[in-house]
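Try each task before you read its solution.

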Amino acid sequence: MRERIHHAWRVAGTGLSFLAFGLGGLFLGLCVLPPMLWLVRDPERRRRWARRIVQRSFAAHVELMRRLGVMTYEIRGRERLARDGLLVLANHPTLIDVVLLVSLLPNADCVVKSAVARNPFMRGPVRAAGYVSNDDGAGLVEDCIAAVRAGGALVIFPEGTRTTPGQPLRLQRGAANIAVRGALDITPVRITCSPPTLGKGDKWYRVPPTRFHMVIDV
């Protein structure tokens with residue numbers, strides 16, 4: 001009975017986490033970030049402020065999930081992220097990888113899918129933070145190189161999507177093209193999630209038998 005109660009709580013906590021994330025993105029996009037367009041005239045300064053707000057919001061969301069008993073996490077080598085102009089390449093085992101990574105980076109830049117950029121819950125933060133959209137195929141590599149050279153910490157998942165459980169890793173060429181053509185150093189990050197959850201094709205309510213533990217190894 002006790003295990004069933006804990007399981008039901010984690011299902012409820014996971015659902016609450018998803019709800020909080022959606023409403024939080026909507027609140028930022030409608031109430032917090034728009035005033036910056038009027039108060040901060042310098043585009044670069046405004047972008048950095050927006051990214052810091054997104055970082056703090058993501059960090060608060062990770063802490064919410066921890067306090068709800070949904071997850072625990074561990075960060076190894078965090079000091080290696082305390083620099084500007086990073087090309088961060090990471091594997092992608094679970095849905096919240098980007099949330100946990102961005103929560104560690106005050107000037108994070110990301111390559112986002114065009115569908116995410118149009119999502120009403122995420123559209124405001126994505127635009128305010130100036131994230132790179134992947135719908136510009138021809139200029140995407142140059143946009144990414146420019147983002148790193150401008151001092152941003154560009155986060156890319158070379159697989160292009162979440163890892164398919166039981167399948168070998170298949171890396172796309174984009175991340176390598178950015179590194180080679182831009183002559184950029186790579187900051188590799190290894191993410192593990194145990195037990196596996198929120199992977200590709202997983203339903204959010206299919207929670208594991210115990211709360212999951214994530215390790216970010218920079």
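**Exercise 1.** Is Phe 21 buried, partly exposed or exposed?

*Solution.* Start with the cut-offs: buried means under 20% relative accessible area, exposed over 50%, and partly exposed in between (1.4 Å probe, protein chains only). Phe 21 has 26% relative accessibility, so it counts as partly exposed.

A note on the source: this is a predicted model, where local features need pLDDT of at least 70, side-chain atom pairs count only at pLDDT 80 or more, and totals for chains, interfaces and linings use all residues. Residues are numbered from 1 along each chain as its sequence is written, and side-chain values use heavy atoms, with hydrogens and water left out.

**Exercise 2.** Find where His 61 sits, then list its contacts.

*Solution.* First, locate His 61: helix α3, residues 43-67. (Helices are DSSP runs of H or I, at least four residues; strands are runs of E, at least two; both are numbered from the N terminus.) Next, check burial: His 61 has a relative accessible area of 10%, so it is buried. Last, set aside neighbours within four places in sequence: His 61 touches Ser 17, Ala 20, Phe 21 and Val 99. Contact means heavy atoms within 4.5 Å.

**Exercise 3.** How many aromatic pairs does the whole structure hold? Describe the one between Phe 18 and Trp 204.

*Solution.* The search finds three. Rings of Phe, Tyr and Trp (its six-membered ring) pair if their centres lie within 6.5 Å; planes under 30 degrees apart are stacked, over 60 edge-to-face, the rest tilted. Phe 18 and Trp 204 are 6.2 Å apart centre to centre, with 45° between the planes: tilted. Phe 18 lies in helix α1 and Trp 204 in the loop between β6 and β7, so the pair ties together parts 186 residues apart in sequence.
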